[in-house]
Amino acid sequence: MELRAEKIQRILSKYKFRDLAVEELEKVNRIYPDMQVSTATFTFSDSTQKDLLKITGVIPVKYEGRSYNFPIQLWLLDSFPFTPPICLLKPTSSMVIREGKHVDAKGRVHLPGLHNWDYPKSSVVGLLPEMIAKFEEDPPLSSKASGEAKNPHELMAFVSNLQLNDGGAQHQDQPGGKVTVIGGGDLGMACVTSILAKCHVDKLVFIDVAESSTKGGSTDLEIFSLPKVTVSADLSASAGSRVVVVTANAWSSEQSYVRVVQTNVDLYSGIIPSVAHLSPNAILLIASQPVDIMTHVAWRQSGLPPTHVIGAGCNLDSERLSHILNVNLNTRKPAWVLGELSDSKFAVMSNIGLNSSSTPEISAGSTSTKPLLDRAFEMMKNRGQRSWSVGLSVADITNSVLTDRRKTHSVSTLAQGWGGIGTEVFLSLPCIMGANGSTRLVGALLGQEEDARLRDSVASLSNLMSQLRV
C-alpha cells in the first residue's frame, strides 16, 4: 500500500480529515499488508461522481472446513474516517452474488458496524473481521453452475483469527453536565427554560450575543435568578460544555436571501470556532435559521466530527407525527420526517413497534403506509414552528445526549453517503442520539415521490451553500 504516490496524495489533500484518514490507512497496511489503496471515480446512485480513495483486496472466509477468497472494495468518502466506507463485493466472472441479509443484489455490503459507525470506536481494521464473521454465517457468493457441478456456497473473503471486541469504552451513562445556550430572544429563552425543565444539568450558561438580532432575555434571567443558570456575554463562559445550543441569528435588511443568510454565516464565524476550541468534546446543536445550512456552516467552521454537529431540523415535526400516528391513528410505530426543513420534507415509518428494544430501521417505501402518513401530515398542518415548541424539541435532543438515551431523532446531519447521496450536504435523517453524538440509521428504499423530494432537497441546499462564503 503506497500512500506516497502522487495520485493518492492529490486525492488525500481534498479529504477533510486528511491526517486521520492517513492514520487509518496505515493501520490497515500494518494488519492487512496485501490490501491495496488506489484512486478512482465513484458514481453515486444520483449519478453524481467523485474522485475517491478505495481499498481493494481479498478476504479468505472459512466455510465447511474450506477457505475461500472474496474480492472486496472499500470506497472512502472525503469525510472518512468520520463516515463509514462504502463496501462492495466484486465477484469474479465465475461467481454470482447471493442476495441476503448482509449483501444486496448489487454487491453493496450492509453490516451493523457500518450502520452504527462511530469513529474512533469504529475503524476499517475492526470492520473487516466483522465482515468475515457475517460472511461465514451466510455466504454471499456462490460459483456459477456448470453442468451437474453446483456449489451454492463457494465463497471469497478474509483470513480472520482476529477477535472482535465490543468497541472499547462504553457510552457515558451519567446524567448531568454543563450546557450552554448561545443567542437570546424568544427561542434562546425557550431553550433555557425547556432544558431546565426537561434535563438534569449541573450548570446552564446563557450567552446573549450582542451582534444577534435575537438578543434579549439575559436581564430577566439575572433579575429572577434561576437556579443553576449563569448569564454571560463572554463565549469563554461556555468552556467545558457537554452540549452547546446555538440559536443566534443576525437577520439583516438585505433584500437578497443569499445575502441575508451570509449575514448569519458571518455571525457564526465569530462564535463557532471559539466554542469548538473551548469545548472540543461538546455536541453542537444548531437551531439558527435556515437550520440545515447553518448546521453545515457550523460543521465547516468548527473542525469537529460530523457526529458532533447536528441541527434541530425536523425533530419537532417527527415527534408531532409520531404522536398523531400513535394517539389518533393507533399505529404504535415511530415515524420521522426527513429532508430539508421546507415543503420538500417527507415522512417515513419505522418497521418496529414503539416498545421494541431492537435498533429501529426505516421501513421501505410502501403503498400501505403512505395513506397513513399522508393523513397524519394533514392533521399536522398549521401547527407552526413556534419558539416554545422548538425549545421543547431542542431540550428533548439535549436530554438524549446528556443521559445517553440512544433515542432516534430526525436531526440535520451530514447526509453524504446515505441513500446514494454523493453531495456534501446537511439535511434531516433519523439518527440515534447519545453521549457520543449522532449515528445515522441505515438507508432504505424510498418510494418514487419521496426519493424525488430528497433529491430536490439535496440540489436546493447544495446550490445555496455554493453561493455562501464560509
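Predicted model: local features only at pLDDT ≥ 70, side-chain atom pairs only at ≥ 80, totals over all residues.
Residues are numbered from 1 along each chain as its sequence is written, and side-chain values use heavy atoms, with hydrogens and water left out.

**Helix α4**
- Let's start with helix α4, residues 124–137 (helices are DSSP runs of H or I with at least four residues, strands are runs of E with at least two, and both are numbered from the N terminus).
- Its 14 residues reach 20 Å from first C-alpha to last, close to the 20 Å expected at 1.5 Å a residue (the expected span is 1.5 Å times one less than the number of residues).
- Several α4 residues are buried, including V124, L128, M131 and F135 (buried means under 20% relative accessible area, exposed over 50%, partly exposed in between, with a 1.4 Å probe and protein chains only).
- The buried residues of α4 pack against α2 (18–31), β2 (49–63), β3 (66–76), β4 (86–89) and α3 (112–115).

**Two buried valines**
- V109 sits in the loop between β5 (95–97) and α3, and it counts as buried because its relative accessible area is 3%.
- Leaving aside neighbours within four places in sequence, V109 is in contact with C87, L88, L89, H102, V103, L114, M131 and F135 (contact means heavy atoms within 4.5 Å).
- V109 and L88 are 21 residues apart in sequence, and their C-alpha atoms are 5.5 Å apart in space.
- V261 belongs to helix α7 (residues 257–269), and it counts as buried because its relative accessibility is 0%.
- Not counting residues up to four places away in sequence, V261 touches P290, I293 and L468.

**Where α10 meets α12**
- The axes of α10 (residues 315–328) and α12 (residues 387–402) come within 9 Å and cross at roughly 90° (axes are lines fitted to C-alpha atoms, for helices over the stretch in contact, and angles run from 0 to 180 degrees between N-to-C directions).
- So α10 is roughly perpendicular to α12 (that label covers 65 to 115 degrees; under 35 is roughly parallel, over 145 roughly antiparallel, and the rest oblique).
- On the α10 side, the contact is made by N315, L316, E319 and R320, and on the α12 side by S389, V390, S393, D396 and I397.

**Cysteines**
- How many disulfides are there? The count comes to zero (a disulfide is a pair of cysteine sulfur atoms within 2.5 Å).
- C199 counts as buried at 8% relative accessibility, and C431 counts as buried at 0%.
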